[in-house]
Amino acid sequence: MGLLTGKTALITGAARGIGKAIALKFASEGANIAFTDLVIDENGKATEQEIAAFGVKAKGYASNAADFTQTEEVVNKVKEDFGSIDILVNNAGITKDGLMLKMSEAQWDAVIAVNLKSAFNFIHACTPIMMRQRGGSIINMASVVGVHGNASQCNYAASKAGLIALAKSIAQEMGSRGIRANAIAPGFIETAMTEALPEEVRKEWMKTIPLRRGGTPEDVANIATFLASDLSSYVSGQVIQVDGGMNM
Ligand SMILES: NC(=O)c1ccc[n+]([C@@H]2O[C@H](COP(=O)([O-])OP(=O)(O)OC[C@H]3O[C@@H](n4cnc5c(N)ncnc54)[C@H](O)[C@@H]3O)[C@@H](O)[C@H]2O)c1
């Protein structure tokens, strides 16, 4: 028996990166996996197969997490295909960095829509199902910059702070229905998102990390598994930083 045997998890933006690592870890613990991404291309299909190799049900759905109507449609499809939704991971996210004085309205709006509104969309569509099931675990993928802020990332940091407050609010509103909501705040994790950074910037980051390495998507997936499973049955409204001790 795995930690998540018999449960269905819905993970947004999971064709690659941290979302994919979470999908694989959950599957290794016995969960059936529904995941979304903007498109399910060859890469997404390959992810689907890697997940299914654990002997669980796996299906990728093309959907823009920032779109309220598309989210309602995809959640209905997942419910039809899988029968239940026990775990929701709001992972889809983008960056469009820039200093405040140079940031366009479009940069601000896109990041807030994809990172924050998407979580509202999915929580809004999934919680009626979780309430009928009398339980569920919601995990919002925030960031250390949502706790501490970051110059040149005001849009991203604000969206991540919003995800933390959203998790805490849902924890308070829906705890009596057996629904838990928590946030993970990763630090510097080695994915496509951070690969784009110049070597100098990476070096400076490393100096600030007590464990002297970037995190792996698996480091984040391990904490997501804890929060998704009954190991954390008395944990709600919390933010867990996965950052090698960078921010204490
Ligand atoms: N990598 C890091 O260091 C780091 C640190 C802190 C937080 N995070 C957060 O972790 C999450 C995953 O990041 P990652 O590093 O794996 O990034 P990534 O870019 O590798 O993966 C993000 C995924 O989300 C998908 N996506 C983007 N917009 C979408 C939309 N509108 N609808 C559906 N899917 C969409 C992308 O196609 C991609 O597959 C993000 O929320 C990110 O902000 C990452």
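Biologist: Which residues is N91 in contact with, once its neighbours within four places in sequence are left aside?
Modeller: N91 is in contact with I11, T12, G13, I18, G19 and M141. Contact here means heavy atoms within 4.5 Å. Keep in mind that this is a predicted model: local features need pLDDT of at least 70, side-chain atom pairs count only at pLDDT 80 or more, and totals for chains, interfaces and linings use all residues. Residues are numbered from 1 along each chain as its sequence is written, and side-chain values use heavy atoms, with hydrogens and water left out.

Biologist: Where does N91 sit, and why does N91 count as buried?
Modeller: N91 sits in the loop between β4 and α4. Helices (H or I, at least four residues) and strands (E, at least two) are DSSP runs, numbered from the N terminus. Buried means under 20% relative accessible area, exposed means over 50%, and partly exposed lies in between (1.4 Å probe, protein chains only). N91 has 10% relative accessibility, so N91 counts as buried.

Biologist: How do you know that N115 is buried?
Modeller: The relative accessible area of N115 is 1%, so N115 is buried. This residue is found in helix α4. Not counting residues up to four places away in sequence, N115 touches A92, G93, I94, Y156, S159, K160 and L163.

Biologist: What makes β4 and β5 a pair?
Modeller: Two strands pair if DSSP finds at least two bridges between them. Strand β4 (residues 87-90) and β5 have four bridges, in the parallel sense. One example is V89, whose bridge partner in β5 is I139.

Biologist: Which residue of β6 does I139 stand opposite?
Modeller: I139 stands opposite N182. Six bridges join β5 to strand β6 (residues 179-186), and these strands run parallel.

Biologist: What makes β5 mostly covered?
Modeller: Strand β5 spans residues 136-141, and six of its six residues are buried. G136, I138 and N140 point one way, while S137, I139 and M141 point the other way. Both sets are buried.

Biologist: Which elements make a right-handed β-α-β unit with β4?
Modeller: Helix α4 (residues 105-133) and β5 make that unit with β4. Picture the strands pointing away from you: a crossover is right-handed if the path from the first strand over the helix to the second runs clockwise.

Biologist: How many bridges join β2 to β3?
Modeller: Five bridges join strand β2 (residues 32-37) to strand β3 (residues 58-62), and the two run parallel. T36 has Y61 in β3 as its bridge partner. The chain crosses from β2 through helix α2 (residues 42-52) to β3, in a right-handed β-α-β crossover.

Biologist: Now the ligand. Which residues come nearest to the ligand?
Modeller: R16, D37, N91, Y156 and T191 come nearest, out of the 26 residues around the ligand. To be near, a residue must have a heavy atom within 4 Å.

Biologist: Why is S229 called buried?
Modeller: S229 has a relative accessible area of 0%, so S229 is buried. The residue lies in the loop between α9 (217-228) and β7 (239-242). S229 and L4 are 225 residues apart in sequence, yet 6.0 Å apart in space, C-alpha to C-alpha. The S229 side chain also reaches the backbone oxygen of F226 at 3.2 Å.

Biologist: Is R212 buried or exposed?
Modeller: R212 has 56% relative accessibility, so R212 counts as exposed. Its phi is near 55°, a positive value in a residue other than glycine. Most residues other than glycine have a negative phi.

Terms used: Polar contact = N/O pair within 3.5 Å; in protein donor to acceptor, adjacent residues only side chain to side chain.
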